[in-house]
Amino acid sequence: MSALSETWQVTPKQVDLDLDGDTLREECGVFGIYGHPDAAAITALGLHALQHRGQEAAGIVSFDGSVFHSERKLGLVGDSFSDRATIERLEGLSAIGHVRYSTTGETVLRNVQPLFAELDGGGFAVAHNGNLTNGLTLRRNLIRDGAICQSTTDTEVIVHLVARSRKEKVVERFVEAIQKIEGAYALVALTNKKLIGARDPMGIRPLVLGELDGRYILTSETCALDIIGARFIRDVENGECVVISDGGIESFRFAPQVAPRPCIFEYIYFARPDSIVNGRSVYAVRKGMGRELAAEAPADADVVIPVPDSGVPAALGFAQSCGLPYELGIIRNHYVGRTFIQPTQSVRELGVRMKHSANRAAIEGKRIVLVDDSLVRGTTSVKIVRMMREAGAKEVHFRIASPPITHPDFYGIDTPEKEKLLAATHDLEQMRAYIGADSLAFLSIEGIYRAMGETGRNPAQPQFTDHCFTGDYPTPLTDLTVATPRRLAVLAEAD
């Protein structure tokens, strides 16, 4: 799910000195369970496990057989869904939930999911992970025909399409709606009688099916099943719709069968290391990326240092392959929120060390290899290299366990415009000089495919969605090809 934006609006602000400020971010995680007496509590626990997929807001909608109940809050899941009173207000045997990260605009309550609407056949709630590449075009057409939009999310487009369908059954209306959308999506929807899940025709965004106490679950990652002791059944297939009701479970295809192309960044960065995505262990794949990186770009060094937390598995694989010691040279404080006191430059610099600090004992006087999962704008890498040198590192060699990011994403990953991607505007030597490292190397595109268990990338039919590295977008980008539209109206809200 993303906030729709037809123009980029830049607001002057202080320079972000947080080491987390230059990471890729994915927008959402979804969870749904049908027919369980503890539906809301289980959904809250599932969202806890999916917190890494979105930290700005969370929401749950439940159904008690006659009334839908909704709780949508800004902030972390634990801040809003850990008290008994909130869970007790979410009555019913079925529920869906959502965690959100927005790419553009402010996070306001009207954009928090699941979205709910009263339709001709009853209530309809939906939660969405991904991004529609024709969402703006559909939205303009809907508004032209008289639709009233309350949010700036492309998820609302799906609600309107379902509402306007003239099909008799709600599942048919849902399918007719999603057949009109393009891009990447994993959806869970809750109606009076059904829990519905769907995955986009290319399978770009993940969705899995699980079971707990004989009740079915749909969620973004297997780690959300593990936290509640649920059993993993299978991945929802690309182009598949799953319908869960009192009568059991049924599924069917809503799109022609094509070879799946799941997002490769789920393995590089987004998914939790303990998740299994499309049959592959994320942890094992990331270690494999580190091993491939060591084979392609070894360094004459004394110690391997991971950039926490996402660089840890790759650094382990790199160190084991090279036979070098693995040390925690950067210590992360997980109990610090946003740095909110930044009156002067010197204090803002100190704010960096609230979250990340150098472990001088592991660094001083040594030639180190820093291993990170990706490089976006490069600003974070500059800070890390400087921190290592200040801690006494003799040499700093930077290794990235993925290829250079040269193209923006339009499928639900928050990437800057192309001109702000360091690898799109600098060659390798210029990037090395910019971040201040003694050497810099990236994993090749063929290397990352080998780490995925493939012999290499099939250019005629790529096995994964890898457009950030190759520029090969697997779906139409309709909103980018239409005439320049007007700006969306924005309503500011108090938190």
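Phe68 is buried, with a relative accessibility of 17%, in this predicted model. Its ring takes part in a tilted aromatic pair with Phe116, at 4.9 Å centre to centre and 45° between the planes. That pair ties together parts that are 48 residues apart in sequence, because Phe68 belongs to strand β4 (residues 68-74) and Phe116 to strand β6 (residues 115-119). Beyond these rings, the points below take in the cysteines and the nonpolar cores.

**Aromatic rings**

- In total, the structure holds 10 aromatic pairs.
- Phe63 and Phe68 make up one of them: the ring centres sit 4.4 Å apart and the planes meet at 35°, so this pair counts as tilted.
- Phe63 is buried too, at 8% relative accessibility.
- Phe116, on the other hand, is partly exposed, and its relative accessible area comes to 38%.
- Elsewhere, Phe265, Tyr269, Phe270 and Phe469 come together as one aromatic cluster.

**Cysteines**

- The disulfide count for this model is 0.
- Take Cys468: the nearest cysteine sulfur belongs to Cys263 and is 7.1 Å away, and Cys468 is in no disulfide. A disulfide needs the two sulfur atoms within 2.5 Å, so a gap like that rules the pair out.
- Cys149 is partly exposed, at 22% relative accessibility.

**The largest nonpolar core**

- This core is built from 43 residues, and the ones with the most contacts inside it are Ile264, Phe265, Tyr267, Met289, Val304, Val371 and Ile448.
- At least two residues come from each of α8 (265-270), α9 (282-296), α10 (312-322), β20 (367-372), α16 (445-451) and α17 (467-470).
- Helix α9 gives the most, with 5 residues in the core.
- Domain 1 (25-261) and domain 2 (283-459) each put at least three residues into this core.

**Around Ile264**

- Which residues does Ile264 touch once its neighbours within four places in sequence are left aside? The contacts are Ile448, Tyr449, Met452, Phe464, Thr465, Asp466 and Phe469.
- Ile448 also turns up with Ile264 among the residues with the most contacts inside the largest core, while Phe469 is also a member of the aromatic cluster with Phe265, Tyr269 and Phe270.

Methods:
Residues are numbered from 1 along each chain as its sequence is written. This is a predicted model: local features need pLDDT of at least 70, side-chain atom pairs count only at pLDDT 80 or more; totals for chains, interfaces and linings use all residues. Side-chain values use heavy atoms; hydrogens and water are left out. Rings of Phe, Tyr and Trp (its six-membered ring) pair if their centres lie within 6.5 Å; planes under 30 degrees apart count as stacked, over 60 as edge-to-face and the rest as tilted. Buried means under 20% relative accessible area, exposed over 50%, partly exposed in between (1.4 Å probe, protein chains only). Helices (H or I, at least four residues) and strands (E, at least two) are DSSP runs, numbered from the N terminus. A nonpolar core is a set of buried Ala, Val, Leu, Ile, Met, Phe, Trp, Tyr and Cys residues joined through side-chain atoms within 4.5 Å. Domain bounds come from an automatic or database domain assignment. Contact means heavy atoms within 4.5 Å.
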